[in-house]
Amino acid sequence: MSISQANDSKSVAQQMAEAGSFDHRKYKSYAPLALRDRTWPDKQLTKAPIWCSVDLRDGNQALIKPMTVEQKVRMFQLLVKLGFKQIEIGFPSAAQPEFEFARKLIEEDLIPDDVTIQVLTQAREHLIQKTYEALDGVKKAIVHVYNSTSTVQREQTFGMNKDEIARIAVQGAQWVQDYAAKYPQTEWTFQYSPESFTGTEVDYAIDVCNQVIETWNPQATKPVIINLPATVEMSTPNVFADQIEYMCRGLAQRDHVIVSLHTHNDRGCGVAATELGLMAGADRVEGALLGNGERTGNMDTVTLAMNLYSQGIDPELDFSNVQEMIDVCTDVTDLPVHPRHPWVGELVYTAFSGSHQDAIRKSLQYHNEKQLPHWEVAYLPINPADLGRDYEAVVRINSQSGKGGVAHVLERDHGIELPKWMHGHVSKIVQKAAEDAGAELRGPQIKKLFDENFIEVPDGWDLRGYDLSNQDSQTVATFRIEAAEPLELKGRGQGALEALADALSQHYGVTMKVTQFDEHALRQGTDSDAIASVCVTVDGEESVAAYIHEDTTTANLQALLSAVGRAAARVNLTARTAETA
């Protein structure tokens, strides 16, 4: 006997005792469906499904502290505002608060005419009877009846065979239909779920569902819903899609049956399984906002809806004010939203990487300049503004951030468009500060560093005035500078900036050269300020400064003076005496 055969013959308990608790041998792979002519891989989603929120049932029963009736009303009103037309409000036959909530919605006329509430019940007559009592007077409702059909549940929980389980489903369907007839004023829709569908033999699931469909006979009345829950996510999403396509082919009266999906997220693939299930032919989706639900949660309605939105498909749900949704959900569930939660997490539209920051800045600029017909921005699959977010947190700066990110923050928040040659100089200062702080830097902190290191005039280097004239095609200038003593310097060159460099070179006896220069308006209009940026070498020592002023010449000259002033300590500038001049 081989080692593998010996292991296979041992019980789970024996294997665990020998290998410890973390032993993969006690599990077996999920057998896929042999569907060779599957068609779903070639399908493309083109429209939103019928949405049903289960936040008030699945989402509520998963909470450590279930919602109060008042909190449920608040959640219900949020769901209505977001655009849900079908909302499962609970299990009114299972608990008094659930019953009272249903009565409150009905008696206080809190259900809009275009919204249908849904309630869940087991396939037991007394529970079905109480369910209808809870719904007395409602205009329209979905009664969702279920029983578990899986192999494990049949054998280990109920000790029943397939026929006995099927009879429970059919009897439950009959009771649902019979009690509905006692409340003719209500527009009823019937829904059946073979609970633990993914753990049920697919042909058996078809047989049970078809017996329920035959009981309700939707062809002669109105469409019914067959809901196929991945109560426990057991396989890869493609296997689930095969099951859904196979079910859609096998269900009786398919044109009169709405196929619904209810996936959980045990494997982290709840959304993916739902998307593939829709491609495989399903019509409807049950899910919860932000994935709230038992164990690892329900299918995340926000994620699926925004996935559709990002592909140019109207999700038929409105998440334009996503912060309001988050505030309500976190308040009534007492559950946080992960900062990396798809689409709506605090950090999903941020970029710490320098290369990402630079790409975002350039891409946004290109997008605006070219007026592209569709959103195509690097690292931003949608415009965060669509969700009520602004660009405050698109780029955040830490010690790992690059030149482009710092430049983007200054441009975005303060209208300061740095010349490209200046990015590295500013970034170096900001990165050093971030390293020293051991934390990210926000926009105001970055602006303060920029002002201190580039805008503020060093002591003794203020430009107090200047006079310019032209002689022999050159600018001849006199500059008045506040130094240790007021200075009046004269120079000449091809423009005011060169003339000032000449005057300073003569006065200090150094070699001075302007190597980079940029000047542009900060705002549109005749009264706009200009920002000038200068890079100068003083005896080979490079120095950079900038200055903002309404007069462009003043901005240029002061930027150069400030740059020289910042270099002064490093090169030990000393004025030449008359003897050395």
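Reply: Cys 329 counts as buried, at 5% relative accessibility (buried is under 20% relative accessible area, exposed over 50%, partly exposed in between; 1.4 Å probe, protein chains only). The model is predicted, so local features need pLDDT of at least 70 and side-chain atom pairs pLDDT 80 or more, while totals for chains, interfaces and linings use all residues. Residues are numbered from 1 along each chain as its sequence is written, and side-chain values use heavy atoms, without hydrogens or water.

The whole structure holds 0 disulfides (cysteine sulfur pairs within 2.5 Å). Cys 329 is in none; its nearest cysteine sulfur, in Cys 52, is 16 Å away. Cys 209 is buried too, at 0%. Its closest cysteine sulfur, in Cys 248, is 11 Å away, so a bond is ruled out by distance.

Now the barrel. It closes from 8 strands in the order β1-β2-β3-β4-β5-β6-β7-β8, with parallel pairing. Strands are DSSP E runs of at least two residues, and helices H or I runs of at least four, numbered from the N terminus; pairing takes at least two DSSP bridges. Twist averages 25 degrees from one strand to the next. Helix α9 (residues 202-216) packs on the sheet, touching β4, β5, β6 and β7 (contact is heavy atoms within 4.5 Å). Its direction makes about 165 degrees with that of β5; axes are fitted to C-alpha atoms, for helices over the stretch in contact, and angles run from 0 to 180 degrees between N-to-C directions.

Parallel strands β1 (50-53) and β8 (284-287) share 4 bridges. Ile 50 has Arg 284 as its bridge partner in β8. Helix α12 (residues 301-310) lies across β1 and β8, at about 160 degrees to β1.
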